[in-house]
Each structure stands twice: as C-alpha cells, then as structure tokens.
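How do the helices of this model pack against one another?

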Amino acid sequence: MASPAPLVASISHQMVALQTLQLLQQEWGWGDGPSAPGSPRGPDHVPVAQARRPGQMRTRRGLGRGVAGARSSPEAGGQRGAEGGAELLPFPRDRGPCTLARMAMRSVLARVVDSTSELVSVEQTLLGPLQQERPFPIHLKDSVEFRNICSHLALQIEGQQFDRDLNAAHQCLKTIVKKLIQSLANLPSDAHVVACASLRQILQNLPDV
C-alpha cells in the first residue's frame with residue numbers, strides 16, 4: 001500500500017493557511033473563525049480564541065521560521081511542515097467605513113476560507129482512502145505556496161498589496177483544486193467520480209475575481 005505522506009503534508013500546509021485566514025477574518029470582524037460551519041476539526045486544529053492576545057494585537061500563525069514570502073521553495077516548506085511561528089503586529093483600531101471595495105474584499109476572503117475548509121474536508125474523507133488504494137499525483141509545492149501567500153497576506157494592513165495577496169491566494173487555491181481534479185480524472189472507480197464532483201463544487205465557489 002502506497003504511503004499517503006504527500007497528501008498528508010499537503011493537507012498540513014493547507015490547515016496552517018486556513019488557520020491564518022480564519023484568524024485574520026475574525027480579527028477584522030468578518031467571520032466566526034474556526035467555529036464556522038464546515039471548518040475541519042482535526043487533532044491539530046487550534047481554536048482562534050486560544051491564539052488571540054489582549055490589547056487589540058494581531059496574531060499571525062503559520063509564518064514559520066525563514067518564510068520570507070510567497071515564493072519559498074517547496075523543499076524547504078515540506079521540511080518545515082505545519083510548524084508555525086507567531087508574530088504580533090498592531091491591529092488597527094479604525095477600520096474605516098464599509099465601502100464597496102471593502103465589501104468585495106470581505107466576500108473574496110470568505111470564499112477562500114470556506115473553500116479551503118471544504119477542500120481539507122474532501123481530502124481527509126475522500127482523497128485519503130483513495131490515495132492509499134491507488135496513488136495519484138499530489139502537487140505539494142502548490143500547497144506550500146498557498147500557505148506562504150496566506151502568511152504574507154496576514155502581514156498586510158489594507159491596501160493594494162493586501163488585495164494582490166488575497167487574489168494570489170484565491171488563484172493558488174483554484175490551482176490546487178484543478179490539479180487534484182486532473183489527477184483523478186483518469187481513474188475509473190465510482191469513488192474517484194464522487195471525489196471529482198466534490199472538488200468541482202469547490203471550484204464553483206471560487207469564481208474569477
């Protein structure tokens with residue numbers, strides 16, 4: 001039986017990214033964080049409430065030692081796994097009016113959070129058993145890049161760089177899902193068909209921005 005290690009490592013990176021995004025979402029008052037419906041509840045799950053600090057400080061999880069941005073090598077990311085450092089930055093007290101641009105950004109962030117949560121769930125419940133029965137390609141470097149993009153996003157206040165990082169996270173997540181669908185496309189079993197259908201449903205929640 002083949003080892004599911006690449007899939008497990010990929011899920012681990014995605015979980016770090018998800019926790020980073022959930023914390024960012026909650027701190028901006030844009031979501032319910034890890035208690036939201038559909039959030040995965042694994043043994044490595046860390047509730048946001050445990051990571052928060054008093055005094056309106058922003059806690060960044062998943063930054064890891066040596067993560068300089070979204071282009072770290074997959075080899076280095078794979079060795080680090082889901083190790084997460086924490087960094088505190090001042091959290092802005094005045095978030096300003098709820099403009100159309102802010103509402104659009106909030107919508108994109110919510111879609112990325114929900115879709116990442118759904119992806120992790122599909123990988124754990126459907127793809128894990130399939131990977132053991134009949135191995136298929138896992139593109140680990142994309143999940144490493146996704147984690148690093150989300151870590152870089154969490155360092156931004158609002159502005160053009162925040163928007164660019166959020167869009168990059170959105171596109172990277174789409175790439176992960178599309179490559180999984182391609183990996184499963186030629187496998188004949190009914191279980192693979194069900195997994196592909198679940199992944200395509202995630203894609204529908206990630207329209208182009």
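Predicted model: local features only at pLDDT ≥ 70, side-chain atom pairs only at ≥ 80, totals over all residues.

Start with α5 and α6. Helix α5 spans residues 140-153 and α6 spans 160-184. Their axes come within 9 Å and cross at roughly 160 degrees. The two helices are therefore roughly antiparallel to each other. The crossing of α5 past α6 is left-handed. On the α5 side, the contact residues include F146, I149, C150 and L153. On the α6 side, they include F162, L166, C172, L173 and I176. Charged residues take part too, among them K141, D142 and E145 in α5 and D165 and K179 in α6. By class, this contact has 11 nonpolar, four polar and five charged residues.

Now turn to α4 and α7. Helix α4 covers residues 100-133, and α7 covers residues 190-204. Their axes come within 10 Å and cross at roughly 170 degrees. This pair is therefore roughly antiparallel as well. From α4, residues including L119, V122, L126, L127 and L130 meet α7 residues including V194, A195, L199 and I202. By class, the contact has 10 nonpolar, three polar and one charged residues.

What lies in the core? In soluble globular proteins, nonpolar side chains tend to be buried together. Here the largest nonpolar core has 40 residues, and L127, F146 and L199 touch the most other members. Helices α1, α4, α5, α6 and α7 each supply at least two residues of this core. Take L127: leaving out residues up to four places away in sequence, L127 touches L7, V122, F136, L180, L184 and A195.

Notes:
Residues numbered from 1 in each chain as written. Heavy atoms only, no water. Axes fitted to C-alpha atoms, helices over the stretch in contact; angles between N-to-C directions. Helix = DSSP H or I, 4+ residues; strand = E, 2+ residues; numbered from the N terminus. Parallel < 35°, antiparallel > 145°, perpendicular 65-115°, else oblique. Contact = heavy atoms within 4.5 Å. Core = buried A, V, L, I, M, F, W, Y, C linked by side-chain atoms within 4.5 Å. Buried < 20%, exposed > 50% of the residue type's maximum accessible area, 1.4 Å probe, protein only. Left-handed = near helix turned anticlockwise from the far one by under 90°.
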